Amino acid sequence: GEYSVTYSVVDKSGNEAPTLSRVVYVFNEGLEYYGNYSAQDNEIFPQTAQCNYPSYIWVDSVVNNRLVFLDFACNSQREVFADVYDSVIILPFQLIQDSVYNMSLQGAGFINDSAVSFQYTKIESGVTSYWNSLFTRSK
């Protein structure tokens, strides 16, 4: 967003500087990754499985370079967030649960302007599985 900052200062002797205003532009640097993606998840242990689904990535309104995936882990329809550090993306530990659902996720990967790749651990109903995931930006 655009913000206007106005300030004035006075030193200990009472000398007053002229009042100044500055316009500051604030935006989430993760905005470049915002959009529709096609996702492919591949379970690599203890079983092998694959699922494909559409996903949407948007940016957090408070934390810079935090992305929010509206669908993750085989289209769980649960929001998951990840933090971008240059070309690395971190999926910090997240516990997703409600009265009938209990899952945790954690992992890391790489990101560029056309794709996001993750290796992550999913624990669901006490079963641990390991996954590779690729999100490809829709054109």
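How many disulfides does the structure hold? The count comes to one disulfide in this predicted model. A disulfide is a covalent bond between the sulfur atoms of two cysteines.

**The disulfide**

- The bond joins cysteine 51 to cysteine 74, with an S to S distance of 1.8 Å.
- This pair links distant parts of the chain, for the two cysteines are 23 residues apart.
- Cysteine 51 belongs to strand S4 (residues 49-59), whereas cysteine 74 is found in the loop between strand S5 (66-69) and strand S6 (80-85).
- The disulfide is left-handed because the torsion about the S-S bond of cysteine 51 and cysteine 74 is about -80°.

**Exposure of the two cysteines**

- Cysteine 51 has a relative accessibility of 16% and therefore counts as buried, the cut-off being under 20%.
- Cysteine 74 has a relative accessible area of 27%, so this residue is partly exposed.

**Aromatic rings**

- Tyrosine 53 lies in strand S4 and phenylalanine 135 in strand S10 (residues 127-137), so their pairing ties together parts that are 82 residues apart in sequence.
- Both tyrosine 53 and phenylalanine 135 are buried.
- Ring pairs join Tyr53 and Phe135 with Phe69, Phe72, Phe118, Tyr120 and Trp131 in a cluster.

Methods:
Residues numbered from 1 in each chain as written. Predicted model: local features only at pLDDT ≥ 70, side-chain atom pairs only at ≥ 80, totals over all residues. Heavy atoms only, no water. Disulfide = S-S within 2.5 Å. Helix = DSSP H or I, 4+ residues; strand = E, 2+ residues; numbered from the N terminus. Buried < 20%, exposed > 50% of the residue type's maximum accessible area, 1.4 Å probe, protein only. Phe/Tyr/Trp six-rings, centres within 6.5 Å; stacked < 30°, edge-to-face > 60°.
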